[in-house]
Amino acid sequence: RQIGVIEIGGLLRDSETALRVYGNSMVPNYPSGCVVGLRRHLDSFIEPGMVFVIETADNRYLKRLFYNKYRTAYRCVSDNHVTFDSGPMKGEYCYPDFEIPFNEIRRLFRVVGVIKRNAI
């Protein structure tokens with residue numbers, strides 16, 4: 001049994017495992033508290049712009065992935081494009097893009113489904 005993953009049974013049939021989302025960087029498509037269905041990605045190519053979970057030694061990130069300019073890393077992009085409205089970061093994205101070099105990636109999962117809670 002894997003640590004930190006959810007047994008999903010028949011809820012997301014094409015998923016191998018699932019993970020609960022924390023944080024707001026992928027709002028509105030993947031709000032905090034939703035569950036994403038995952039399938040391990042073993043291919044050397046990703047379709048740019050698709051959503052993945054990247055696992056490194058220190059963390060797991062749910063991001064929309066693109067290749068960086070030199071194809072040495074994934075460019076991780078958030079769906080949440082909110083900017084700071086005051087202070088020294090005014091006008092800057094609250095969740096800016098960042099890169100993860102290929103050699104720092106332990107595992108890569110493609111997001112194949114999402115279960116969101118109903119808003120009351």
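Q: A polar contact is a pair of N or O atoms within 3.5 Å, one able to donate a hydrogen and the other to accept it; which residue's side chain makes one with the side chain of Arg64 at 2.8 Å?
A: This is a predicted model, with residues numbered from 1 along each chain as its sequence is written; local features need pLDDT of at least 70 and side-chain atom pairs 80 or more, while totals for chains, interfaces and linings use all residues. Side-chain values use heavy atoms, leaving out hydrogens and water. The contact at 2.8 Å runs from one side chain to another, and the partner of Arg64 is Asp79.

Q: How does Arg64 count: buried, partly exposed or exposed?
A: Arg64 belongs to strand S4, and its relative accessibility is 22%. Buried means under 20% relative accessible area and exposed means over 50%, with partly exposed in between (1.4 Å probe, protein chains only). Because its value is 22%, Arg64 counts as partly exposed.

Q: How many strands does the chain have?
A: Strands here are DSSP runs of E with at least two residues, numbered from the N terminus. Zero helices turn up in this chain, and its pattern along the sequence reads β-β-β-β-β-β-β. The strand count is seven.

Q: In what order do the strands sit in the sheet?
A: Two strands pair if DSSP finds at least two bridges between them. Here the pairing is antiparallel and the sheet is open. Strand S1 (17-20) and S6 are the edge strands, each pairing on one side only. Read across the sheet, the order is S1-S2-S7-S3-S4-S5-S6.

Q: Which residue in S4 is the bridge partner of Phe52?
A: Strand S3 covers residues 51-55 and pairs with S4 in the antiparallel sense, over five bridges. In this pairing, Phe52 finds its bridge partner in S4. That partner is Lys63.

Q: And over in S5, which residue is the bridge partner of Phe66?
A: S4 spans residues 60-67, and four bridges tie it to S5 in the antiparallel sense. Phe66 has its bridge partner in S5. The residue in question is Arg75.

Q: Which residue takes a positive phi in the hairpin of S4 and S5?
A: This hairpin has five residues between the strands. A positive phi near 55° shows up there. The residue that takes it is Arg71.

Q: How many of the five residues in S5 are buried?
A: Across the chain, buried residues make up 35% of the 120 residues. S5 takes in residues 73-77 and is mostly covered. Its buried count is four.
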